[in-house]
Amino acid sequence: MILVTLSVFAPPGRREEMVEIFWMLLGPVRVEPGCIACGLYEAPCDNDSLLYVEEWDTPEQLERHMRSARYELLLAVMESSARPPVLRYHTVSGSKGLEYLQAVRLGAAACPPSTWDAANTNGS
């Protein structure tokens with residue numbers, strides 16, 4: 001899985017405009033093949049800071065999205081950021097769900113992160 005995070009900073013008086021562009025992206029991106037999730041978040045202490053997040057199944061699906069005309073809207077938002085945007089592509093090799101929390105809280109021997117596998121991603 002690839003986790004994409006983008007932090008942008010709205011120039012004075014342009015926050016709503018940036019949010020509207022993100023809203024135009026969210027629905028269509030969520031239904032693209034390979035998109036697991038897509039969301040927009042804001043920090044409670046900084047109304048000018050926006051965090052856009054995408055999760056993708058494979059690098060190929062993400063790269064197809066990055067070459068799309070729709071991605072140009074995202075590039076425009078990045079260019080209009082009041083401060084340099086922070087864009088990161090995180091490769092996630094595996095994840096654990098509630099069973100990991102339960103094991104830690106109950107004191108059971110928990111698997112170290114190096115033994116996590118992608119097959120255990122159901123969030124249970």
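I looked up T5 and noted that T5 counts as buried because its relative accessibility is 17%, buried being under 20% relative accessible area, exposed over 50% and partly exposed in between, with a 1.4 Å probe and protein chains only. The model is predicted, so that local features need pLDDT of at least 70 and side-chain atom pairs count only at pLDDT 80 or more, while totals for chains, interfaces and linings use all residues. Residues are numbered from 1 along each chain as its sequence is written, and side-chain values use heavy atoms, with hydrogens and water left out.

I placed T5 in strand 1, where strands (E, at least two residues) and helices (H or I, at least four) are DSSP runs numbered from the N terminus. Leaving aside neighbours within four places in sequence, I found T5 in contact (heavy atoms within 4.5 Å) with L51, Y52, V53, V86, L87, R88 and H90. The side chain of T5 also makes a polar contact with the side chain of H90, at 3.4 Å.

I then went through helix 3, residues 71-79, and listed Y71, L74, V77 and M78 as its buried residues. They cover an arc of only 110° around the axis, which puts them on the same side of helix 3. On the other side of helix 3, I noted E72 and E79 as exposed. The buried residues of helix 3 pack against strand 1, helix 1, strand 3, helix 2 and strand 4.

Lastly, I found R83 over the face of F9, at 4.0 Å from the ring centre.

Note on methods
Arc of directions from axis to C-beta. Polar contact = N/O pair within 3.5 Å; in protein donor to acceptor, adjacent residues only side chain to side chain. Lys NZ or Arg CZ within 6 Å of the ring centre and 35° of its normal.
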